[in-house]
Amino acid sequence: MIRAPRRGADGGGDRSRPDAGATRPILAGVKLVVAIVNPEDAGPLVDGLLEREFRATRLHSSGGFLKQSNATVILGVEDDAVEEVLGVIRENCHSRTQLVNPMPPILEPGEFFLPYPLEVDVGGATVFVLPVERFERL
Ligand code: 2BA
């Protein structure tokens, strides 16, 4: 898990290397977790991640289908911490039923449209786990 800045894989103490002491990239075993969640769950989710010392970024987003606000939380984590992160997401993100008003159709004269809201189940979180080629904090 990427909890704190790492000064190179060997701690940065190798003076024989030209970049000794500099921040070097973490090259192996990192995943990018992308979680699309309800905006009401995003705050508790980020707090829960920070409590466990995971760094996270919250982005404002909106769903293509419902066109309503949601939140996208992204974080880089080492491979062995992915399951812990998914556990924090499960703890904090809950599925909901949302009501949506369907778009009224184009009506011919004399036709009428009686709108009634539709129920849509929105999952607790839509999560992608992506391999990361290179992670670096400069
Ligand atoms: P929305 O696109 O606004 O979708 C909200 C909910 O509407 C979905 O919940 C799903 O229950 C329903 N829905 C979406 N597309 C549909 C369709 N073509 N026909 C019928 N029902 C449909 P979730 O599946 O839990 O998705 C929640 C949000 O996660 C989505 O918001 C979207 O922002 C994101 N998402 C879901 N799947 C994704 C994917 N494959 N790639 C990227 N983003 C995704």
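Select L32 and L130: in β6, L130 is the bridge partner of L32. This is a predicted model, where local features need pLDDT of at least 70 and side-chain atom pairs count only at pLDDT 80 or more, while totals for chains, interfaces and linings use all residues. Residues are numbered from 1 along each chain as its sequence is written, and side-chain values use heavy atoms, with hydrogens and water left out.

**The sheet**

Now show all of β1 (30-37) and β6 (125-131). These strands pair in the antiparallel sense over seven bridges. Strands here are DSSP runs (E, at least two residues), as helices are (H or I, at least four residues), numbered from the N terminus. Two strands count as paired if DSSP finds at least two bridges between them.

β1 and β3 pair in the antiparallel sense over eight bridges. Click on I36: T72 in β3 stands opposite.

β2 and β3 pair over six bridges, in the antiparallel sense. Pick H60, and find its bridge partner A71 in β3.

Which order do the four strands take in the open sheet? Read across: β2-β3-β1-β6, with antiparallel pairing. β2 (57-62) and β6 stand at the edges, each with a single partner strand, so one side of each has no neighbour in the sheet. Neighbouring strands are turned by 20° against each other on average, direction ignored. Axes are lines fitted to C-alpha atoms (for helices over the stretch in contact), and angles run from 0 to 180 degrees between N-to-C directions.

**The helix on the sheet**

Select residues 39-51. This is helix α1, which packs on the sheet and touches β1, β2 and β3. Contact means heavy atoms within 4.5 Å. The direction of α1 makes about 20° with that of β3.

**A salt bridge**

Show the side chains of D79 and K31. They form a salt bridge, with the closest N and O atoms 2.8 Å apart. The rule asks for a side-chain nitrogen of Lys or Arg within 4 Å of a carboxyl oxygen of Asp or Glu. D79 sits in the loop between β3 and α2 (82-92), K31 in strand β1, and the two are 48 residues apart. By this rule the count comes to five salt bridges.

**Two loop residues**

Most residues other than glycine have a negative phi. Go to E53, in the loop between α1 and β2. Its phi is positive, near 70°. Then go to K67, in the loop between β2 and β3. K67 is not a glycine, yet has a positive phi of about 60°.

**The largest pocket**

Last, select G63, L66, N70, Q98 and V122. Among the 19 residues that line the largest pocket, these lie nearest its centre. A pocket is an open set of points on a 1 Å grid over the protein atoms alone where a 1.4 Å probe fits, with protein on both sides within 12 Å along at least five of seven lines; lining residues have an atom within 4 Å of a point.

How much space lies in the largest pocket? About 340 Å³. Grid points are joined across faces, edges and corners, and the volume is the space filled by probe spheres set on the points. β5 gives the most to the lining, with three residues.
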